[in-house]
Protein chains: 2
Amino acid sequence: MAAMIVEKSEGRECKVVTSQDVAHAAGVSRSAVSRTFTKGGSVSEHTRRRVLAAARKLGYNPNAIARSLITQRSNMVGLVMADITNPFYARVLESFSEKLQSVGQHVLLFSIAKVHDIDQALPALLQYQVDGVIITSAVLSSAMAETCAKAGKPVILFNRYVRETITSAVCTDNVAAGREVANLLLDAGHYRCAFLAGTANTSTSNDRQRGFLDRLAERGALAPLVDRGDYCYEGGFAAAGRLFARADPPDAVFCANDVMAVGAMDQIRQVRGLRVPDDVSVIGFDGIAASGWPSYELTTMEQQIERMTSEAMEILMARIADPTLPPETRFVPARLVARASARLPQEMLAAVS
Amino acid sequence: MAAMIVEKSEGRECKVVTSQDVAHAAGVSRSAVSRTFTKGGSVSEHTRRRVLAAARKLGYNPNAIARSLITQRSNMVGLVMADITNPFYARVLESFSEKLQSVGQHVLLFSIAKVHDIDQALPALLQYQVDGVIITSAVLSSAMAETCAKAGKPVILFNRYVRETITSAVCTDNVAAGREVANLLLDAGHYRCAFLAGTANTSTSNDRQRGFLDRLAERGALAPLVDRGDYCYEGGFAAAGRLFARADPPDAVFCANDVMAVGAMDQIRQVRGLRVPDDVSVIGFDGIAASGWPSYELTTMEQQIERMTSEAMEILMARIADPTLPPETRFVPARLVARASARLPQEMLAAVS
DNA sequence: CTGAAAGCGCTTACAG
DNA sequence: CTGAAAGCGCTTACAG
């Protein structure tokens, strides 16, 4: 009954089975095969059954690349990430890939070493006809943004935002979070604060610093110390070393991320022999897993990852469906997670315990 | 001079510039354009210059999808990962993506929640015509392996291996590492060891356990305690809680990975109030960043990530170039990183200090 | 070196 | 519901 398929032996590679082969085997046209594998396709139950049977027998797998060439939709989203090794971004990556997969999108991952590599990564992404691009912790040049806009490819920045209204963005409200930390530390009676900055020229670090320092100044607090730790453990460890070698060390340190805060705590307790929070309060940012470990009990401003990735997905998918939609920037508040590493205002202590 | 290009307004989307457009603008054929963008293409310097100029002016970007349809090479590699959130695998991912990008391959990432999801992930990968597949910490069914083999797509398992000689693999020699830890603890005079297993039915955990227990038995050591922590912090924390609630607690704990070891140490010191290594030695596996933090100083069997990913790349790229090459399995030794969390044999103490 | 033509594997109006 | 035909954007023998 079934047509005999003569395999045209193609050198070393086994012949790949194509919709044509399935059509032959099922005794229908390629159109019928295509419709069977397209979800809205109108096929009779009879032919659908024949096609499916033939496809299964031959081991047919539709070629997504060929399909996307004609549909102009690749169902791939480019995901550009700068520092996967940072536990915060590892969770962001996991969250995005889960959400993208759940809506049938595939993840074309670009890992960039330096933030500047982004303008080289994007053309490659565009060549692969991704339906959209998500960029975390980096910002593309306005020329590149222009190129993407012209190509009708929506771009979403994650944890960055730009003044020009050409690119969408989802970002924690870092300025507000910085202000909140200032209030918290002052209310608890700290008198000499320090800010431990992340990588230079990143809006995340800058905004957290600005909110923190501005609010400190508004309330007439002592001028805070500022040092820098490049967003990594070693950086936080070293910066805390400098901070506490001073004659006038701080009694509170606000770190621009948790990884640095953990490094700072190790320096403060293991090397300097100081107590946290009795001698010095430490507050971090992100809410990574280690912040909750009993060894640290780090008070931190948590970034709401799931909410942020959901908002980004919403913006992205809407613009993939309708590229004429204007860009949109959304800010998500950080959330205080109060733990043992910081002396807190009286009223909060009651609430926590 | 330059030909006037009339943009055919295509609804909302801006017209995408194609090799045809560039050909027109440069006054040459599509073939010439194609050759200019193919690295071995024979084009005169004159036409190459004209083509490049036209391409730049129009903002032409070759369509990689269309190209791969004809070349039968997508320059995409499927990367299947089970737990990006584990710092060890985050580093593996970063290492692979860096190496793949450096050889012009692009990463199609599949993040799977459960290890069993892998047989669903692979068909999707295959539909996108990836040139090969790397699977970390999971093992595909032999039926799926068969499918990949038939499609001529090389598959490399990372940190897994299979008996059937149909799939390549790169794996730490977990059995040998387990034996080494047994020797180490026994030589240092420990008398009651415990093994803290990872996720059930994973070869990594099983092999580490087997090597450890076998060697302990060979040397006539006391029967070791065994508990399970599912490869996560909370699991290690809880398992250590059970271990040290016993009347006969161990004086040494070998954990199947570092994340559990860190959890165990927090339980041992913060909750139980025991000292490490004075009361109990702790040894981990992987060599994650936290193992080196002063708060833990965790002695661990480090997996040589860079070497392992390099070997995997070697195997993969060779088989992409020549699919007839037979599968190959390579084992890489783990490396002891001696730190303060374990009492070590006398001779090693001298070497370390 | 160069161009016309065929074709990669699919989808999609268009008639029937 | 169904099939023949055109076409997505590219590359690659094949002649010249």
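**Contacts with the DNA strand**

Modeller: In this predicted model, a backbone N or O atom of A66(A) lies 3.4 Å from a base nitrogen of DNA strand C.

Biologist: Which element gives the most to the surface near DNA strand C?

Modeller: The elements that each give two or more residues to this surface are α2 (30-37) and α4 (64-71) of chain A, together with α2 (30-36) and α4 (64-71) of chain B. With five residues, the element giving the most is α4(A).

Biologist: How far from a phosphate oxygen of DNA strand C is a polar side-chain atom of S34(A)?

Modeller: S34(A) is listed among the closest of the 28 residues that surround DNA strand C, and T18(A) is also one of them. For the polar side-chain atom of S34(A), the distance to a phosphate oxygen is 2.5 Å.

Biologist: What percentage of the atoms of DNA strand C within 4 Å of the protein belong to sugar or phosphate?

Modeller: The atoms of DNA strand C within 4 Å of the protein are divided between bases and sugar or phosphate. The share belonging to sugar or phosphate is 61%.

Biologist: Why are α8(B) and α9(B) classed as they are by orientation?

Modeller: Helix α8 (residues 174-187) and helix α9 (residues 203-218) of chain B pack with their axes 7 Å apart, at an angle of about 40°. Angles under 35 degrees count as roughly parallel, and roughly perpendicular begins at 65. The angle falls between these ranges, and the two helices are therefore oblique.

Definitions and conventions
Residues are numbered from 1 along each chain as its sequence is written. Chains are lettered from A and ligands numbered from 1 in the order in which they are written. This is a predicted model: local features need pLDDT of at least 70, side-chain atom pairs count only at pLDDT 80 or more; totals for chains, interfaces and linings use all residues. Side-chain values use heavy atoms; hydrogens and water are left out. Axes are lines fitted to C-alpha atoms, for helices over the stretch in contact, and angles run from 0 to 180 degrees between N-to-C directions. Helices (H or I, at least four residues) and strands (E, at least two) are DSSP runs, numbered from the N terminus. Angles under 35 degrees count as roughly parallel, over 145 as roughly antiparallel, 65 to 115 as roughly perpendicular and the rest as oblique. A residue is near a molecule or strand if one of its heavy atoms lies within 4 Å of it. A polar contact is a pair of N or O atoms within 3.5 Å; within protein, one must be able to donate a hydrogen and the other to accept it, and residues adjacent in sequence count only if both atoms are side-chain atoms.
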